[in-house]
Amino acid sequence: MSAVRAAWLIARKDLVIEARSRELVATTLFFAASCVLVFAFAFVRGRDVPADAPAAILWIAIAFSGTLALTRAFERERQGETLRALLMAPSARAGVYLGKLLGLLCLMFLVEALLVPLVALFFRAPVFDAPGYLAALLVAGTVGFAAVGTLFAAMLVRAHSRDVLLPVLPYPMTVPVLIAGVRGTAALLAAEPNFDVARAWLAILVFFDATVVLLALWTFAPVMSE
Amino acid sequence: MRIAQRFVPFLLAGAAVLLARAPLMIEAAPIESSMGVIQKIFYFHVPSAIMAFLAAFVCGGASAAYLWKRGKGADALAVAAAEMVVLFGFIVLFTGPLWARKAWGVWWEWQDVRLTMTLVMWMIFVAYLLLRRFGGPGSEVLSAAAGLFGAALVPFVYVSVNYWRTLHPKTTVVNTLPPDMAFVLRWSMLGFLLLFVSLLIVRTQLELARYRLEEAYAGLDD
Amino acid sequence: MRDLTTDAQAQTPEGFVSGAQTAAAETLPATPLVYIAYSGIWLVLLLYVFMLWRKLQRVEKDLQQVSSARPGADRR
């Protein structure tokens, strides 16, 4: 079984389960929306919105919802012992990582599809002025975040204190994603959008993604084989 | 004390270098013109920062070695190096704001590359130690992955914060230092390097001794 | 360093960057901060060395106990 085929099978399995139960989707979407709402209460003051608030809130909501989705996504594997079964085939191990990553990405893109209009609505942010750049930033940032998160979630499936460690461990490492995402988005949403700045942050994100995915593919097999 | 005895001399040498010099440094070093007395913190602040980053790379390397070869020595070195990052990083984060308060008027400045980067790196390795402590059995492998990732991502933290602006004195300050100050800095650097290496060795030996103890206990149960 | 000095010289003779904070900065003397910094560093380092020392002693003691309870057990 090749890695690509394994990836496709796993991603499809996750998505099919999700399509039927809609458990993850519903809870994560609701959580994301609540996040934005809480921030709206915290930051919006009448007509005033602090300058970079919409960008920051968007990415914080993505990070929090992403962590929630991660925890739940691997819970399923843990309970079903399916992870061990999946890892039996050595050639497919990288595929397991990719498959879980793909599944998580689909979910997160869905969440972002909701978040972006919400943020636009509550914070009067001009998100549709540069949709191409914004989409690129979101994709690159989400891939980076999800790549780190998926690796750690898989690693921690059988560890103690998993619930506490999973949020804690990847956060410092995803700081570059958050910085780049927020600053890039802020540059786009500003009164005079600065596309050069956004492009630069996008470049950093792409490099980050490449590094993380490569590293994760290298380390996934050694880490998961015990 | 068989193990530590060999390395106590190094420890003492490092400490003695620092101890003998520190009071003299504080009094005798020329006062830097734009920042005043507070700049003297830098004689310990800068070497600590360098040791912290050095330790991060040692941890990353040792983690990679452990992931592929599973040698106990590599794992022991990785843990020891992670503790060094937290130790020296703490010193940097403690002295940094003290310096910043006088030099820039604020205790903390997010847009300063080095301070922010050190904080994030510090947190990465605190998370590493948390994983070791609370991860349960098999956490050596997990933390090796965490250590490798952490060390590899530190440059990205630097790049991303650096693309903001930076208030931190630029690195060229070391080359343009008057000879008196440069000498004191190098002396301090040497002392910290000795300290770092000896602490790293002792801590690694401690970890290896713990492994032997575990195996001894296991042997006892037979 | 040059950015800092030109900024500083443009603002106040003492060389502090932030004008709004000059008053607060002036009343906070520098020398105690330097002493705090150095004593803090020494404290942290000594504490760590002490902790290492104690742990090492404990492990050594345990190793000796095990090897006396069953000679050769601590050798693989």
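I began with the term contact: two residues are in contact if their C-beta atoms, placed from the backbone, lie within 7 Å. I noted that this is a predicted model, in which local features need pLDDT of at least 70, side-chain atom pairs count only at pLDDT 80 or more, and totals for chains, interfaces and linings use all residues. Residues are numbered from 1 along each chain as its sequence is written, while chains are lettered from A and ligands numbered from 1 in the order in which they are written.

**Entry: the core around Ala81(B)**

I looked up the contacts of Ala81(B) and, leaving out residues up to four places away in sequence, I found Ala55(B), Val58(B), Cys59(B), Ala62(B) and Leu200(B). Ala81(B), Met84(B) and Val85(B) touch the most other members of the largest nonpolar core, which has 157 residues. The helix α4(B) gives the most to this core, with 18 residues. A nonpolar core here is a set of buried Ala, Val, Leu, Ile, Met, Phe, Trp, Tyr and Cys residues joined through C-beta atoms within 7 Å. A residue counts as buried if 20 or more other C-beta atoms lie within 10 Å of its own, as exposed if 12 or fewer do, and as partly exposed in between, with C-beta atoms placed from the backbone.

**Entry: chain B as a whole**

I read seven helices and zero strands in chain B, where helices (H or I, at least four residues) and strands (E, at least two) are DSSP runs numbered from the N terminus. Of the 222 residues in chain B, 51% are buried, and among its contacts with a separation of 6 or more, 79% come from residues 24 or more positions apart.

I then checked pLDDT, the predictor's confidence in each residue from 0 to 100: chain B averages 78, and 75% of its residues score at least 70. Within chain B, confidence is lowest in helix α1 (residues 2–5), at a mean of 54, and highest in helix α3 (residues 42–69), at 90. Over residues 166–175 of chain B the pLDDT is below 50, and this stretch has 15 contacts in the model beyond near neighbours in sequence.

Most residues other than glycine have a negative phi. I therefore noted Arg70(B), which is not a glycine and yet has a positive phi of about 60 degrees, and which is partly exposed, with 13 other C-beta atoms within 10 Å. Arg70(B) lies in the loop between α3 and α4 (72–103) of chain B. In chain A, Arg124(A) follows α5(A) and has a positive phi near 50 degrees.

**Entry: chain A**

I read 10 helices and zero strands in chain A. Its radius of gyration (taken over C-alpha atoms) is 18 Å, close to the 17 Å that the globule rule (2.2 Å times the number of residues to the power 0.38) gives for 226 residues, so chain A is as compact as a globular protein of that length. The C-alpha trace of chain A spans about 55 × 35 × 30 Å along its principal axes, and 48% of its 226 residues are buried.

**Entry: where the chains meet**

I found that the contact takes 28 residues from chain B and 23 residues from chain A. On the side of chain B that touches chain A, α3, α5 (113–134) and α6 (139–162) of chain B each supply at least two residues, and α6(B) gives the largest share, 15 residues.
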